[in-house]
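Have a look at the picture first, then read on.

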Amino acid sequence: MWSTSESSSSIPASTSFVSCAISLGFYSRLMIMVTAPLAVSVVLLVIPLYTWIRKKAADWTSYRTACLVVIYLLYPSVCREVVRVLDCSSPIDGVRYLEADYREPCGSAEHLVHVVIGVLVIILFCIGFPAFTGFVLRSRHQQGRLDDLDTRKQVRPNTMRAARV
């Protein structure tokens, strides 16, 4: 029922019953995967906004932690799907097709638009997100803040219970 994945931390991008029932093309699945981290982060934003309206104080640390967990879960699937938009077959009757979906010819206007989107996602998300995370961790390490309570609260929320005891 679930499709296999190369990474144990990724959420399966497609399931057999969903693929059968909806019949989405490759570009539609690609756009869903590309927008999923942002969409889930916006949906998660409802929780701290609700607590801010009710209590005039929001727990933004929990929001950041939840967003990081969702992004790390979606990261392998998003990067795998984005790279697939660049993979074209060898010419068949003079036309190259997308390896992920042989209904889509490579070099068409629609394909080129998705290639540009794919390259931007590779630069900003697939390379940029780990680079930004590494930069933040390195700067906190250099400042001597890697093991302080604020960093532990953002990275491992369960350590808060141990810190209070």
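## The whole chain

The protein chain exposes about 11000 Å², and carbon and sulfur atoms supply 66% of that area. Accessible areas like this one come from the Shrake-Rupley method with a 1.4 Å probe, and for residues, only the protein chains shown count as cover. This is a predicted model, in which local features need pLDDT of at least 70 and side-chain atom pairs count only at pLDDT 80 or more, while totals for chains, interfaces and linings use all residues. Residues are numbered from 1 along each chain as its sequence is written, and side-chain values use heavy atoms, with hydrogens and water left out.

You'll find seven helices and two strands in the protein chain, and along the sequence they follow the pattern α-α-α-α-β-β-α-α-α. Helices (H or I, at least four residues) and strands (E, at least two) are DSSP runs, numbered from the N terminus. Of the 165 residues, 28% are buried. Here, buried means under 20% relative accessible area, exposed means over 50%, and partly exposed is in between (1.4 Å probe, protein chains only). Now for contacts, meaning heavy atoms within 4.5 Å: among those between residues at least 6 apart in sequence, 56% join residues at least 24 apart.

Ser41 sits in helix α2, which covers residues 26–44. Ser41 counts as buried because its relative accessible area is 11%. Leaving out residues up to four places away in sequence, Ser41 touches Tyr63 and Cys67.

Leu49 belongs to helix α3 (residues 46–55). With a relative accessible area of 38%, Leu49 is partly exposed. Leu49 and Asp59 are 10 residues apart in sequence, and their C-alpha atoms are 9.1 Å apart in space.

How far apart are the end C-alpha atoms of helix α4? They are 35 Å apart, which agrees with the 36 Å that its 25 residues (60–84) should span at 1.5 Å a residue. The expected span is 1.5 Å times one less than the number of residues. There's a kink of about 40° at Tyr75 in α4, shortly before the proline Pro76. The bend at a residue is the angle between axes fitted to the seven residues ending there and the seven starting there.

Helix α5 has 34 residues and reaches 47 Å from its first C-alpha to its last, close to the expected 50 Å. A kink of about 50° lies at Gly128 in α5, shortly before the proline Pro130. The buried residues of α5 include His111, His114, Phe125 and Arg140. Leu120, also in α5, is partly exposed, with a relative accessible area of 47%. Just after α5, Gly144 takes a positive phi of about 75°.

## The loop between α4 and β1

Is Ser89 buried or exposed? This residue of the loop between α4 and β1 is buried, at 2% relative accessibility. Not counting residues up to four places away in sequence, Ser89 touches Arg96, Tyr97, Glu99 and Tyr102. Ser89 and Ala100 are 11 residues apart in sequence and 9.3 Å apart in space, C-alpha to C-alpha.

Asp93 is found in the loop between α4 and β1 (97–98). Asp93 is exposed, with a relative accessible area of 81%. Asp93 has a positive phi of about 55° although it is not a glycine. Most residues other than glycine have a negative phi.
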